[in-house]
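This report describes selected helix packing and strand pairing in the structure shown below.

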Amino acid sequence: MAAVTTNGDRSAADPPLLEACGVTVRFGGLAALDDVGVRVEAGRILGIVGPNGAGKTTLFGVLSGLVQPAVGDVFIEGERVTGLPPQERARRGLARTFQRAHLFAELTVREHLELTYRWLHGRQSYLRDLVGLGSRAREDGERDRVDRLLDNLGLASVQHQAASSLPLSTARLVEVGRALAGTPKVVLFDEPSSGLDSRETEQLASVLLRACQDEGVALVVVEHDFELVLGLSDRVDVLDFGRLIASGTPSEIRSDPVVQAAYIGTERVT
Amino acid sequence: MNVLIVSGLVFGGIYAVASLGLVLTYVSSRIFNFAQGALAFFIALLFYELNTERGWSTWSAALVAIGVVAPLLGLALWAVLFRRLSSAPTTVQLVATIGLYVAIPPIAKTLFVADEPSLPPGFFSAPVPEVDVFGVTLNANQIAVFVSAVVVGLALALTLRFTMFGLTMRGVVDHRPLASVMGINPGVVTAAAWMIGTMMAGLAGVLLTPVLGLNEVSFSVLLISSFAAVVVGRLRSFTWTFVGALGLGLAQTLVTKVLPESGWMARAARPSIPFVVMILFLVAYGLVLHRRGGEEAPTTALLTRTPGTGVAPWYARVLIGVALVVAAFLIPELLTSFWLGVVASGVAVGIALLSLVLVTGEGGMISLCQISLAGIGAMGAAQLTEFYGWPNIPAILVAALAAVPFGVLVAVVSLRLGELYLALATLSFAVLADNALFSIDRIDNLHAGQPLPRPSLFGFDFDSDVRFYFLALGVFAVAALLVLNVRRSTTGLTLAAIRSSEVAARTIGVSTERAKVATFAIGAFIAGVGGGLVASFSGRATPPSFNAVIGIVWLAVVVTWGLRSVVGALLAGVAFSLFPALFSAYIPDSYAEVPTMLFGLGAIIVAREPRGIVAQTVGHWRHLLRLDRRRDDNDTVAVEPSAQAA
């Protein structure tokens with residue numbers, strides 16, 4: 001794949017897995033995002049922090065294709081995907097979770113993972129399904145992948161339960177499993193830990209780290225739990241009122257006076 | 001020219017009264033009252049009964065019908081039905097009001113005059129007083145329309161702007177939970193809105209009577225035309241609804257200036273205008289939604305699939321299968337030829353109804369145009385056999401294939417629409433098919449249609465009722481297998497996923513557009529084959545048997561028997577054909593309307609049991625017989641409306 005570079009200053013042969021440049025989104029007159037850029041490389045974890053209303057979820061919407069930016073571009077592996085719908089981005093290796101779980105109420109836990117795998121590995125065909133050739137279309141790759149993810153997430157015991165019957169914490173884990181089931185290259189996690197207790201958070205963190213190390217998946221994690229993000233991420237971007245106010249390694253961010261003033265300070269007060 | 005303008009304003013005024021009432025009830029309760037036209041018919045027939053049959057004076061009849069019965073009817077409907085539906089999924093609300101739409105006219109005809117009156121009077125009976133205004137002769141009924149439209153429009157505008165009720169109403173509309181917190185009782189406001197809305201329906205009905213007569217089909221189709229004004233007003237703007245209503249009325253009459261005197265164009269254009277306008281506006285809304293990123297309201301399925309519990313143990317399934325096959329072979333032995341024929345044509349209808357099980361049950365998309373796709377199959381096949389000498393079976397198959405592009409067109413146009421707009425768009429297509437496609441001279445043939453003989457295959461004729469019965473059963477079995485294949489496969493999972501959360505489905509790589517188009521395409525083919533068989537059983541493909549209004553009854557029947565059940569489609573088809581025949585054979589004529597009434601009431605019951613009769617009965621028996629492999633409490637799946645991305 002040809003490395004399409006937009007900024008002249010980038011010399012590396014490999015473009016970042018996911019990159020957004022100069023993204024601006026306006027709702028009415030209000031700029032929800034103002035000239036924001038982020039990038040993440042394979043196997044790395046990018047944390048995005050900011051108080052409520054800072055534009056984190058909107059940024060995820062722009063990255064995943066649910067929100068079209070007024071200005072700016074999104075690239076997956078150097079390919080411009082700005083106008084493409086979410087499903088096209090998913091096929092290029094982008095997966096995401098939602099802040100409030102968007103599960104498929106009628107599907108079992110296992111079916112969530114199987115469905116994702118089949119769509120992203122080209123195993124779904126309307127015609128084959130119609131004539132009855134596709135209904136038992138299971139392959140070893142799918143079974144291995146799904147079984148392993150269910151085990152890792154501790155979901156094996158509930159795999160045949162309907163999503164609508166699950167408690168919130170389990171539902172969040174199913175969302176993570178669904179996102180990883182399609183062997184994505186980059187995953188956006190919107191507040192993955194909310195609703196989870198500390199044991200579940202640890203389990204989740206270990207699954208995320210394993211995906212990162214074993215498969216070279218790049219992760220973008222939005223959290224307002226500042227410490228969690230700093231502990232997990234390779235780099236951290238700080239958003240405030242739709243602007244990127246700081247960007248750096250966790251230790252740089254921790255000592256950044258602008259961040260302390262604009263974010264940590266106000267967060268502690270409110 | 002002036003005469004045309006007056007006539008256009010008369011229609012526009014009636015549209016305005018009806019559609020403003022519809023907007024009023026919609027904004028206050030978020031329930032789109034499909035039955036508005038049926039309510040109008042009910043009150044108009046009551047007015048006729050009191051005024052003409054019982055000899056009451058016009059004013060006392062009008063006062064009782066519009067001033068007393070209409071608000072009480074609105075209040076009763078709200079208390080019994082709409083109050084409970086206000087938080088139900090849109091699909092359930094739609095199906096319930098569609099049930100009302102089906103049930104109310106037969107109730108009215110059973111309660112009041114059964115036969116269609118000839119030349120019923122409006123507020124003024126013949127000789128209707130006339131006056132000359134600026135050189136145009138206006139009769140008193142026309143003036144009544146103008147006065148009503150102006151008074152209703154002004155009263156609404158002033159009430160909403162200047163009274164406590166209006167303020168409350170706007171508060172409820174803008175933010176229902178907030179209004180509750182602030183001590184406003186949304187229930188009272190909503191009840192009042194339904195009372196006033198029903199009065200306006202009744203007023204529109206009485207105004208329409210002298211113009212159109214009291215035929216329930218033309219009545220409801222005309223009032224369905226007023227939906228276009230509501231769509232122009234985007235379901236919330238009273239002003240734009242009013243403007244849209246007058247514009248539609250004017251457009252419908254002024255267009256006759258540029259049309260030929262007679263022929264297809266003259267017949268097709270005028271009734272089609274509101275539906276063309278409706279589709280254009282809906283497409284525009286769809287495009288706007290698309291540009292904004294398509295964050296439309298999440299679709300909620302009418303009927304949900306409960307994983308793991310939907311499957312009976314193997315011995316139960318074998319038992320049911322054997323019982324069905326035995327019954328299929330016993331029926332021809334037990335029934336006379338006439339009744340077997342009734343059942344056979346019901347099975348053929350059941351094939352077409354399978355397309356609803358697929359598109360609406362599996363796909364979660366309310367479609368009111370499956371009957372038109374069946375009609376394309378039927379009338380296309382008749383064209384091929386009559387004019388091109390095709391053998392029957394290839395003709396039916398090819399005509400069913402010809403229905404596919406129409407199904408795809410409907411799907412593409414309505415892709416981005418929410419459930420309510422989808423229902424309106426498919427209904428528009430159905431009415432347009434009636435008005436513009438099936439009215440072509442060589443198809444319509446003065447409503448007689450074209451002959452379509454019963455099929456024969458390799459020299460074997462399916463001419464007797466027994467043979468046709470088995471043919472229909474065989475085709476049903478194949479079509480049912482296709483639907484089951486879809487349901488059990490990855491496609492079925494995909495459709496279930498889309499029903500829960502379209503946004504999440506897209507983020508796992510599902511092209512929701514393609515899934516919907518594929519579902520509509522398969523459904524169109526099945527509907528086309530079913531329509532071909534229905535027509536070939538009766539020997540003719542006639543446009544009136546594939547009328548949009550009957551399509552609404554189809555949906556009501558399928559919903560009653562179970563929108564997610566293949567067996568339900570079969571039973572629904574047989575019931576659709578058998579009930580009216582049973583009633584006309586054994587029950588006095590005065591109850592001839594009861595079957596239709598039952599179909600409508602059945603659909604209303606889905607508000608209580610959304611899975612339909614079959615699922616409900618199976619559930620009861622399974623519970624009794626302890627056939628459930630495991631007891632679990634998720635028998636009723638609450639489909640959580642997936643959260644909007646913040």
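## Helix packing in chain B

Helix α3(B) passes α8(B) in a right-handed crossing. The model is a predicted one. Helix α3 (residues 58–85) of chain B packs against helix α8 (residues 186–212) of chain B at an angle of about 135°, and the two axes lie 7 Å apart.

Chain B as a whole contains 26 helices and six strands. Of its 646 residues, 54% are buried. Among contacts in chain B between residues at least 6 apart in sequence, 80% join residues at least 24 apart.

Strand β7 (residues 186–190) of chain A is largely enclosed by the rest of the structure, because five of its five residues are buried. A:Val186, A:Leu188 and A:Asp190 point one way from β7(A), while A:Val187 and A:Phe189 point the other way. In a regular strand, side chains alternate between the two faces of the sheet.

| Strand pair | Sense | Bridges |
|---|---|---|
| β6(A) (residues 94–96) and β7(A) | parallel | three bridges |
| β7(A) and β8(A) (residues 218–223) | parallel | five bridges |
| β4(A) (residues 71–76) and β5(A) | antiparallel | two bridges |

Individual bridge positions can be named for these pairs. A:Leu188 in β7(A) is the bridge partner of A:Arg96, and A:Asp190 stands opposite A:Val222 in β8(A). β7(A), helix α7 (residues 198–215) of chain A and β8(A) together form a right-handed β-α-β unit.

## The antiparallel sheet of chain A

Four strands of chain A form an open sheet in the order β2-β1-β4-β5, with antiparallel pairing. β2 (30–40) and β5 (79–80) of chain A stand at the edges with a single partner strand each, so one side of each is left without a neighbour in the sheet. Helix α1 (residues 56–64) of chain A lies across β1 (18–27), β2 and β4 of chain A, and runs at about 120° to β1(A).

Technical notes: Residues are numbered from 1 along each chain as its sequence is written. Chains are lettered from A and ligands numbered from 1 in the order in which they are written. This is a predicted model: local features need pLDDT of at least 70, side-chain atom pairs count only at pLDDT 80 or more; totals for chains, interfaces and linings use all residues. A residue is buried if 20 or more other C-beta atoms lie within 10 Å of its own, exposed if 12 or fewer, and partly exposed in between; C-beta atoms are placed from the backbone. Two strands pair if DSSP finds at least two bridges between them. A crossover is right-handed if, with the strands pointing away from the viewer, the path from the first strand over the helix to the second runs clockwise. Two residues are in contact if their C-beta atoms, placed from the backbone, lie within 7 Å. Axes are lines fitted to C-alpha atoms, for helices over the stretch in contact, and angles run from 0 to 180 degrees between N-to-C directions. A crossing is left-handed if the near helix is turned anticlockwise from the far one by less than a right angle, and right-handed if clockwise.
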